[in-house]
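Please look at the sequence and the structure as they come up, and keep them in view while I go through a few features.

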Amino acid sequence: VFSLILLIFLNYFLLLIIKTNFFFLIFGILILLNFVLCIYLNFKNNKFIITIFCVLCVISLMSPVADWDARSIWLFNAKIIFFENNLNNFFDYNPYYSHPDYPIFVPVLSATLATVIGDWNEIFPKFSSLILALPPLIILTKNLKNKLSLLIFIILILFVYEKRIINGEIDALLSLYSILLLNLIIDIVDKKFSDKQYKIDLTLITLNLIIITLLKVEGVAIIFCILFAYLVIYGKSKVDLTKTFMVLFLLSLLPIFYWSIYSNNFIE
């Protein structure tokens, strides 16, 4: 899971730094391979769950995107990144209705996947939604003790999110990562971990915070709401952990602030 998340992050931040996507093909192949490997390694003892993921993959790859936000904002921005090969030109060809100032974390991944197949279409790039949904699903299922609990959890996910987890929209991803963040915070507060596990959880919380803010602008409001709730409930009883969380929350805002400043310079 860590390798998949880090590859997605590295792919995104390299584009912001270098401004060109000449490395997309390599990262796209590595991300797809890690996606398959993560499913196998984490669910190899549960063939039914692997079958469900395979079915989701097939459904995702058999239908073009139809919803407005997915087609006209997230995938349209990815299409511009794919064809322009240069982030500086991203704002020159982006109409107002596609919100070029929105975070491009998911569009960058979609453009990367399109590079793997060598051409653009309205089907394969939206596979990025399923790839990004995998890490929180794996981490959330780690605490489930048996196959029945795992099965019920997966069914509930499918029942609640329906097609939103594979149709190219961001809302389901934002919800999944927000649930994961709450789960990680509760675990680190209520349980006693070894130093190694404590550091792993803090790293996951930090990565999760950054992803939430980079998915949608609403993510910033969500993490502030979560921080406020934590301060009200645990602020005084967990002083050291509170200080750590405050630092992590502030650091997690740096990538989205950078993107806001960068995009506003071009839009103005």
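I begin with a definition: a residue is called buried under 20% relative accessible area, exposed over 50%, and partly exposed in between, using a 1.4 Å probe and protein chains only. This is a predicted model, in which local features need pLDDT of at least 70 and side-chain atom pairs count only at pLDDT 80 or more, while totals for chains, interfaces and linings use all residues. Residues are numbered from 1 along each chain as its sequence is written, and side-chain values use heavy atoms, with hydrogens and water left out.

Let us apply that definition to helix α4. Helices here are DSSP runs of H or I with at least four residues, strands are runs of E with at least two, and both are numbered from the N terminus. W68 lies in α4, and because its relative accessibility is 47%, W68 counts as partly exposed. A78 belongs to helix α4 too, which covers residues 68-84, yet A78 is buried, because its relative accessibility is 0%. For W68 and I139, 71 residues apart along the chain, the C-alpha separation is 30 Å.

Just after α5 comes G118, with a positive phi of about 80°.

A positive phi also occurs at K19, where the value is near 75° and the residue is not glycine. Most residues other than glycine have a negative phi. K19 sits in the loop between α1 and α2, and K19 counts as buried because its relative accessible area is 16%.

How do the helices α2 and α3 pack? Their axes come within 9 Å and cross at roughly 155°. Axes are lines fitted to C-alpha atoms, for helices over the stretch in contact, and angles run from 0 to 180 degrees between N-to-C directions. The angle therefore makes α2 roughly antiparallel to α3. The terms are as follows: under 35 degrees is roughly parallel, over 145 roughly antiparallel, 65 to 115 roughly perpendicular, and the rest oblique. Helices α6 and α8, in turn, pack at an angle of about 20° with their axes 10 Å apart, and they are therefore roughly parallel to each other.

Helix α2, residues 24-43, also contains L25. L25 is partly exposed, because its relative accessible area is 41%. Together with I26, I29, L30 and L33, L25 makes a nonpolar surface patch of about 460 Å².

Finally, how many salt bridges does a search of the whole structure find? The search finds 1. A salt bridge is a side-chain nitrogen of Lys or Arg within 4 Å of a carboxyl oxygen of Asp or Glu. Here K216 pairs with D171, and their closest N and O atoms are 3.0 Å apart. The pair links distant parts of the chain, with K216 in the loop between α9 and α10 and D171 in helix α8, 45 residues apart. K216 is buried, because its relative accessibility is 10%, whereas D171 is partly exposed, because its relative accessibility is 38%.

Thank you for your attention.

Note on methods
Patches are made of residues with over 30% relative accessible area and no salt bridge: like charges are joined within 9 Å, nonpolar side chains (Val, Leu, Ile, Met, Phe, Trp, Tyr) within 5 Å. Accessible areas come from the Shrake-Rupley method with a 1.4 Å probe; for residues, only the protein chains shown count as cover.
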